[in-house]
Amino acid sequence: MSGTLQTTDVIAAADADLLAETASAVRAAGAALRERFGEVVGYQTREELMDALAANDNAALDILRPRLTKLRPEAGWVEDELNGGALPAGEWWVVDPAEGNVNHLHALPDWAVTATLVRENQPVLTVVHLPLTGETYTALKGAGAHLDGEPLRVSASADLGLSIVATSQARPDEDEMVVRRVGSSITAMLFDALVVRTSVPATLHLVNVAAGRIDAFWQFAGARADLLPGALLVTEAGGRISDAEGRPWTPQSESFLAAAPGVHAEAAATLSR
């Protein structure tokens with residue numbers, strides 16, 4: 001038994017050191033994107049838009065990929081923010097080099113850089129860095145969530161009618177049924193919640209749930225890269241995550257709900273109507 005505890009302690013200590021190194025890499029990538037930020041990037045076609053998005057991604061990935069690979073050479077690598085579903089066995093870096101990339105191109109401040117280490121399909125550490133404010137959100141499985149070293153805690157709200165809730169829109173080329181479900185869920189929340197916020201990216205709503213500023217966030221057909229960082233942050237800050245009906249959430253789920261414990265059941269009931 002003592003040997004097992006010692007092994008667990010060693011892994012936890014190694015992950016804590018890894019989190020610090022990951023944060024350093026993510027901040028460096030954020031600095032590169034901050035230098036590219038400030039003017040609206042023009043585009044007239046979808047091809048031009050994709051080229052502009054890729055240029056931002058590559059500026060960050062040129063820093064993230066070698067540094068994170070050096071930290072965990074055996075880990076796989078996922079950087080497609082639109083992919084979902086379970087990952088193969090082992091460790092994987094799930095990275096969004098420019099979360100909210102379209103906002104960046106439009107000189108809007110709502111964007112970030114994220115990196116999450118997933119082990120056997122469970123997020124074990126994550127870093128979300130907001131280059132324009134300098135804020136860095138971190139979470140380590142079993143060790144809590146933090147903003148620049150200060151502990152985070154979800155809100156104590158117990159009444160959805162007094163709560164601020166948020167969602168993000170369906171991703172490009174989404175199935176029509178999903179788009180309509182997003183619309184109907186917003187309508188339902190407009191009746192039941194105090195304020196409904198709708199914007200992208202999802203991660204920035206989720207850091208606000210973890211920090212207690214927003215009481216609940218939901219999304220349909222979510223991808224790994226925009227939900228895994230926030231899922232770990234909210235869980236480690238004392239929140240609850242599930243699918244929109246309140247069932248256990250996995251990366252294969254077709255919906256996602258993160259909320260303060262006091263409003264989670266009520267939010268799930270509203271979304272299930």
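This is a predicted model: local features need pLDDT of at least 70, side-chain atom pairs count only at pLDDT 80 or more; totals for chains, interfaces and linings use all residues.
Which residue stands opposite Arg 240 in S12? Good morning, colleagues.

Seven strands form an open sheet, in the order S1-S2-S3-S4-S5-S6-S7, and their pairing is mixed. At its edges stand S1, residues 76–78, and S7, residues 150–151; each has a single partner strand, so one side of each lacks a neighbour in the sheet. For those new to the subject, strands of a sheet pair through backbone hydrogen bonds, and the pairing may be parallel or antiparallel.

Let us look at the middle of that order. S3, residues 112–119, pairs with S4, residues 122–130, in the antiparallel sense, over seven bridges. Ala 115 stands opposite Val 127 in S4, and Leu 117 stands opposite Leu 125 in S4. The two strands form a hairpin with two residues between them, where Glu 120 takes a positive phi near 50 degrees.

On its other pairing, S4 runs antiparallel to S5, and six bridges join the two. Here Thr 126 has Ala 139 in S5 as its bridge partner. S4 and S5 also form a hairpin, this one with four residues between the strands, and in it Gly 134 takes a positive phi near 85 degrees. Why do we describe S4 as largely enclosed by the rest of the structure? The reason is that eight of its nine residues are buried.

Helix H2, residues 46–71, lies across S1, S2 and S3, and runs at about 155 degrees to S2. Helix H6, residues 224–236, lies across S1, S2, S3, S4, S5 (135–140) and S6 (144–147), and its direction makes about 100 degrees with S4.

H6 also brings us to a pocket. The second largest pocket holds about 220 Å³ of space. Its lining consists of 13 residues, and those nearest its centre are Gln 122, Pro 123, Lys 141, Ile 241 and Trp 249. S4 and H6 are the elements that give two or more residues to this lining. Which element provides the largest share of the lining? That element is H6, with five residues.

I turn now to two individual residues. Is Glu 91 buried or exposed? Its relative accessibility is 19%, and the cut-off for a buried residue is under 20%, so Glu 91 counts as buried. Its side chain is joined to that of Arg 119 by a polar contact of 2.8 Å. Leaving out residues up to four places away in sequence, Glu 91 touches Arg 72, Ala 75, Gly 76, Leu 117, Val 118 and Arg 119.

Apart from its neighbours within four places in sequence, Asn 101 is in contact with Leu 53, Asn 56 and Asp 57. A polar atom of the Asn 101 side chain lies 3.0 Å from the backbone oxygen of Leu 53. As for distance, Asn 101 and Gln 169 are 68 residues apart in sequence, and their C-alpha atoms are 15 Å apart in space.

S11 and S12, the latter spanning residues 255–259, run antiparallel and are joined by three bridges. This gives us the answer to my opening question: Arg 240 stands opposite Ala 259 in S12.

Thank you for your attention.

Definitions and conventions. Residues are numbered from 1 along each chain as its sequence is written. Side-chain values use heavy atoms; hydrogens and water are left out. Buried means under 20% relative accessible area, exposed over 50%, partly exposed in between (1.4 Å probe, protein chains only). A polar contact is a pair of N or O atoms within 3.5 Å; within protein, one must be able to donate a hydrogen and the other to accept it, and residues adjacent in sequence count only if both atoms are side-chain atoms. Contact means heavy atoms within 4.5 Å. Two strands pair if DSSP finds at least two bridges between them. Axes are lines fitted to C-alpha atoms, for helices over the stretch in contact, and angles run from 0 to 180 degrees between N-to-C directions. On a 1 Å grid over the protein atoms alone, a cavity is a set of points where a 1.4 Å probe fits but cannot get out, and a pocket is an open set with protein on both sides within 12 Å along at least five of seven lines; lining residues have an atom within 4 Å of a point. Grid points are joined across faces, edges and corners, and a volume is the space filled by probe spheres set on the points.
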